[in-house]
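Me: I have a chain open on my screen and would like to talk through its fold and packing. Could you take my questions one by one?

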Amino acid sequence: MSGLRERQKEQRRESILRAALVLFDANGYNATTVEQIAASAGVSAPTVFNYFGNKQEVLFALLERAANAEDAGIAEVWEMISSLEDPIDIMCTVYSLVSRRELDALPISIWREILNSPFNSTVSKEVVAMNDRLTGQIAFLFKWMQAQGKLRSDFDPSFAAKFMNDYAALIFTKLVQSDEPNFDAHNSHVRAATELVINGLRSR
């Protein structure tokens, strides 16, 4: 019986998140109320508060899904890395897959609102934490490329990863400003920046 209750709780939680995702996309996060989310999910407002505490926690749960999507993109790169000889191709593949996964997890309209949040807001800090998590994974990838002799051993992988990831975050913010993002231009910007960084870090 406890297993059934747990499944029902998870289904209710999923219903709330699905309803919130649709409403945030249609109306914007700031304009959406907990009461609207509850009505769309077929539950009461107190039920939403019981599961998430407040509207911001609902958004954070959706952002966690986006972070997990980034993880999946990185995992996909590791699965194909033996076929990607050049570090430039490796890094371009990383950012292409991660961007696509992020946009699969959350619609462009939601990303736009989140990324345009005031820098010191709680939402912005949550996005920074996501970016730091991804930076750690990129740093590990840089360390691997050093160990493989693809890149010099005399640079700090963490600094290189932060530099690359900060730039990638900046142009992702630019990408989502349009409802019809220009992925070709986006990928060209990523490649140009990647070539600049990686060509300076290659083993001599």
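Reply: The answers below go from the overall fold to individual residues.

Me: Before we start, what kind of model is this?

Reply: It is a predicted model.

Me: How many helices and strands are there in the chain?

Reply: The chain has nine helices and zero strands. Read from the N terminus, the elements run α-α-α-α-α-α-α-α-α.

Me: And what box do the C-alpha atoms fill?

Reply: Along the principal axes, the C-alpha atoms fill a box of roughly 65 × 40 × 30 Å. The chain has 204 residues, of which 45% count as buried.

Me: What share of the contacts join residues at least 24 apart?

Reply: The share is 70%, taken among contacts between residues at least 6 apart in sequence.

Me: Which residues does I114 touch?

Reply: Beyond residues up to four places away in sequence, I114 touches L59, L63, L106, V123 and V127.

Me: How far apart in space are M145 and P157?

Reply: They are 9.7 Å apart, C-alpha to C-alpha, and twelve residues apart in sequence.

Me: New topic: how many aromatic pairs does the structure hold?

Reply: There are five aromatic pairs. One of them is formed by F142 and F155, with an edge-to-face arrangement. Their ring centres are 6.0 Å apart, and the planes make an angle of 90 degrees.

Me: Where in the chain do those two residues sit?

Reply: F142 is in helix α7, while F155 is in the loop between α7 and α8, 13 residues apart.

Me: Why does F155 count as buried?

Reply: F155 counts as buried because its relative accessibility is 12%, and the cut-off for buried is under 20%. F142 is also counted as buried, at 0% relative accessibility.

Me: Which residues do ring pairs link into a cluster?

Reply: The cluster consists of W78, F140 and W144.

Me: What sits over the ring of Y29?

Reply: The charged end of K55 sits over that ring, 4.3 Å from its centre. Elsewhere, R100 lies over the face of F183, at 3.7 Å from the ring centre.

Me: F183 brings me to α9. How many residues does it have?

Reply: Helix α9 has 19 residues, 183–201. From its first C-alpha to its last it reaches 26 Å, close to the 27 Å expected at 1.5 Å a residue.

Me: Which residue caps its N-terminal end?

Reply: N182 caps the N-terminal end of α9, with a side-chain oxygen 3.2 Å from the backbone nitrogen of D184.

Me: And which helices do the buried residues of α9 pack against?

Reply: They pack against α5, α7 and α8. The buried residues of α9 are F183, H186, V190, A193, T194, V197, I198 and L201.

Me: Now T32. Where does it lie?

Reply: T32 lies in the loop between α1 and α2. It is buried, with a relative accessible area of 2%.

Me: Which backbone oxygen does its side chain reach?

Reply: The side chain of T32 reaches the backbone oxygen of L23, at 3.4 Å. Leaving aside neighbours within four places in sequence, T32 is in contact with L23, F24, N27, I37 and K55.

Me: Last one: S124, buried or exposed?

Reply: S124 counts as buried, at 10% relative accessibility. This residue lies in helix α7. Not counting residues up to four places away in sequence, S124 touches P118 and F119.

Conventions:
Residues are numbered from 1 along each chain as its sequence is written. This is a predicted model: local features need pLDDT of at least 70, side-chain atom pairs count only at pLDDT 80 or more; totals for chains, interfaces and linings use all residues. Side-chain values use heavy atoms; hydrogens and water are left out. Helices (H or I, at least four residues) and strands (E, at least two) are DSSP runs, numbered from the N terminus. The expected span of a helix is 1.5 Å times one less than its number of residues. Buried means under 20% relative accessible area, exposed over 50%, partly exposed in between (1.4 Å probe, protein chains only). Contact means heavy atoms within 4.5 Å. A polar contact is a pair of N or O atoms within 3.5 Å; within protein, one must be able to donate a hydrogen and the other to accept it, and residues adjacent in sequence count only if both atoms are side-chain atoms. Rings of Phe, Tyr and Trp (its six-membered ring) pair if their centres lie within 6.5 Å; planes under 30 degrees apart count as stacked, over 60 as edge-to-face and the rest as tilted. A charge sits over a ring if NZ of Lys or CZ of Arg is within 6 Å of the ring centre and within 35 degrees of the ring normal.
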